[in-house]
Amino acid sequence: MRAVAVLSVVALVVLAGCSVPFLGSGPNASAPTSGSSGMTEGGGTTGGGSTPGDDTDAASAGTIPPDPANDALGWEGGYWYNESIAVTTGDGYNASERAALVNVTMARVERIRGLEFSQSVPVEVISRADYSRSTGDGGSRSAAFRTFDNAKFEGMFLVGEDRNSLAVQQSNRGQNVLGYYSPANDSIVVVSPTATPDVDPSTLAHELTHALQDQHFDLSSSNPATRDAYNARNGLVEGDANYIEDQYDAACEAEWQCTEAAAGSAGTASGGDGDSTSSLDLGVYILSYFPYADGPAFVSYLRSHGGWDRVNAAYDDLPASAEQVIHPEKYGSDPPTNLTVANSTANGWERVRPPGRPDYAVLGQSALAATFGATLYDDYNDSSVVAPGAFLNLEAGSVNTSDPFNYGFNYTNGWDGDRMAVYRKGNETGYVWKLAWDSPAEAREFVDGYHDLLSHWGGEPEPGSGDVWVVRDDSPYSDAFRITRNGNTVTIVNAPETGDLDDVHAGG
C-alpha cells in the first residue's frame with residue numbers, strides 16, 4: 001500500500017533532467033545531440049520597430065510592443081515574452097511550431113530571470129526508448145569503479161549486493177528524465193514520451209534556464225567529484241531552474257497566454273513507448289530528486305537576501321554541502337568537517353582506488369535522508385525507520401508534488417561531514433564510513449537511528465561484542481557492522497563476517 005501511494009506521487013514529480021552529469025557515480029546521462037529537429041532560435045515575427053521604453057507596462061496593458069532594432073531582454077527570435085503563439089498540439093509540434101515555442105519560451109525565461117541569452121539554443125527531441133538506449137549501464141567503467149560504486153550504494157542501503165548500482169541508476173534515468181541540457185554541446189535534448197515529437201513547455205523552460213546559466217556562469221567550470229558536492233552544486237543549478245519553471249507556470253496561469261503541453265507529454269515519464277515509472281527504484285529516486293526538491297527554496301532564500309545578484313554570485317561560491325541547501329542559513333558560514341580515514345587493513349584487504357575520481361566518497365545529509373526515507377517504501381518487511389509525517393511534506397493530508405521529501409529530520413540534522421573508504425579482498429568488499437556531527441547528542445541520535453536501520457534490514461546485535469551487528473543471510477545487506485562513537489564522531493565498519501571487521505579496519 002505504501003509503494004502504491006508513493007508511486008502516484010512519483011508519477012507527478014519526474015526529474016526534469018540533469019544539467020551537468022555527475023561523474024562520480026555512473027555514466028554520463030548523455031544522448032545523441034546532432035541536429036535540432038527544427039527547434040532552434042528564429043521563427044515568427046511581429047514586425048519591426050524600436051525597443052520599447054517600458055515593456056512591463058505594455059504587458060500589463062495586454063499589448064505587444066514592436067520588435068526592437070536590436071536584441072532586448074524579454075524578446076527572442078521575433079517574439080516578446082507576453083505574446084501567444086498559434087499552435088495545434090493534439091498531434092505534437094511541427095517544425096515551425098517548435099521553433100516558435102522555443103523563441104517565446106526563451107523570451108519568457110529572460111523576462112523572469114533577468115538575464116539575456118547570448119546565443120540561440122538548439123533543441124532536439126528524441127523518444128524515451130532512444131534516450132534509454134543512449135545512457136548505458138556502466139559497462140565501460142573500470143572494475144574498480146564498479147566495485148566502489150556498488151559498495152557505496154550498499155553502504156547507503158539503497159542497492160543490495162544482488163544488484164548492480166550503475167544499472168539501477170541507468171534504469172531510473174531512462175524512466176524519469178524529461179530532458180537535459182548538455183554544456184559540452186550547448187544544446188538541449190527533450191525526451192518525448194510518445195512517437196510524435198511532443199514537448200512539455202514547462203520542461204523546455206527548465207532546460208532553457210540551464211542554457212542561460214551556462215552562457216552566463218559556465219556550468220562546465222565545476223566538476224563535483226563526490227555525491228555531496230554534486231548535490232550541493234545542483235541544489236543551486238537545478239534549484240534555479242525549478243524556481244524559474246515554477247515562476248513560468250505561475251505567469252502562464254495569471255498573465256500570459258501560454259501553449260498547453262502536447263498530448264501525453266506533460267509531467268509524466270510514461271507514454272507511447274510503453275514505459276512507466278512502475279519499476280523505479282524509489283530509494284535511488286529519492287537520492288536523485290534532492291536538488292529539485294530543496295534547491296528552489298535555497299534559491300528563494302538567496303534571492304530574498306540580495307535579489308538575483310545574490311543568486312548570480314553563488315555560482316562563483318557554490319554551496320559547500322547539501323546541508324547548506326537543506327538549511328540555507330548555513331550557506332557561507334558552516335563548512336563541513338574534512339574527515340580522513342586511515343588505512344589499517346590486514347590479511348589481504350586492500351583499498352579500492354577507482355581511476356578518475358577520489359578514492360573516497362562523501363555522501364552528505366541528503367544521502368542520509370534517502371537511506372532512512374527509503375525504508376518507507378521497500379518491500380523487505382513492514383517496518384520503517386522514519387514516520388511518513390517526518391519524511392514526507394504533507395499539505396492537507398496530501399504529499400506536496402513539487403517538494404515531496406523532507407531531507408532534514410532528526411536522524412540527519414546535525415550532520416557535519418562524512419567520508420567513506422571502500423576495501424576489497426577477492427570478490428568480497430567492505431567499507432569504513434566516518435561521520436562527524438555538530439554535537440555528541442546528535443551523534444548519539446544518529447547511532448540510535450542507525451540501529452533501527454540495521455534492525456529494519458534484518459540485523460541483530462551480536463551478544464558480548466560491543467556495538468557489533470550482524471544482518472541475516474536472507475537480507476540484501478547481509479554483512480557484519482561495527483559502530484563506534486567517539487564524542488561527535490561515528491565510525492561504521494562493514495565486512496562480510498564479524499571476523500573480518502578488524503581486518504578491514506582495526507580498532508574501531
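The protein chain has 15 helices and 14 strands. Both are DSSP runs, numbered from the N terminus: helices are H or I with at least four residues, and strands are E with at least two. This is a predicted model, in which local features need pLDDT of at least 70 and side-chain atom pairs count only at pLDDT 80 or more, while totals for chains, interfaces and linings use all residues. Residues are numbered from 1 along each chain as its sequence is written, and side-chain values use heavy atoms, with hydrogens and water left out.

**The chain overall**

- Of the 508 residues in the protein chain, 57% count as buried. Buried means under 20% relative accessible area, exposed means over 50%, and partly exposed lies in between (1.4 Å probe, protein chains only).
- Take the contacts between residues at least 6 apart in sequence: 73% of them join residues at least 24 apart. A contact here means heavy atoms within 4.5 Å.

**The disulfide**

- A disulfide is a covalent bond between the sulfur atoms of two cysteines. In this model it is assigned to a pair of cysteine sulfur atoms within 2.5 Å.
- The structure holds one disulfide. It links C252 and C258, with an S to S distance of 2.0 Å.
- The disulfide is left-handed, because the torsion about the S-S bond of C252 and C258 is about -80°.
- Both C252 and C258 are buried.

**Helix α8 and its partners**

- Two packed helices are described by the angle between their axes and the distance between the axes. Axes are lines fitted to C-alpha atoms, for helices over the stretch in contact, and angles run from 0 to 180 degrees between N-to-C directions.
- Helix α7 (residues 201-217) packs on helix α8 (residues 227-254) at about 135°, and the axes are 9 Å apart. That makes α7 oblique to α8. Angles under 35 degrees count as roughly parallel, over 145 as roughly antiparallel, 65 to 115 as roughly perpendicular, and the rest as oblique.
- The α7 and α8 crossing is right-handed. Right-handed means that the near helix is turned clockwise from the far one by less than a right angle, and left-handed means anticlockwise.
- Residues of α7 in this contact include P201, H206 and Q213, and those of α8 include V237, I244 and D249. The contact of α7 with α8 has six nonpolar, seven polar and four charged residues. Ala, Val, Leu, Ile, Met, Phe, Trp, Tyr, Cys and Pro count as nonpolar, Asp, Glu, Lys and Arg as charged, and the others, Gly among them, as polar.
- Helix α3 (residues 95-113) also packs on α8, at an angle of about 105° with the axes 10 Å apart. The two helices α3 and α8 are therefore roughly perpendicular.
- T105, R108, V109, I112 and R113 of α3 meet D240, I244, Q247 and Y248 of α8. Four nonpolar, two polar and three charged residues make up the contact of α3 with α8.

**A buried glycine**

- G155 lies in helix α5 (residues 143-155). It counts as buried because its relative accessibility is 0%.
- G155 and W433 are 278 residues apart along the chain, yet their C-alpha atoms are separated by 8.3 Å.
- Neighbours within four places in sequence aside, G155 contacts M420, Y431 and W433.

**Positive phi outside glycine**

- N347 is not a glycine, but its phi is positive, near 55°. N347 sits in the loop between α11 (322-326) and β6 (350-351). With 51% relative accessibility, N347 counts as exposed.
- A396, also not a glycine, has a positive phi of about 55°. A396 sits in the loop between β7 (394-395) and β8 (398-399). Its relative accessible area is 88%, so A396 is exposed.
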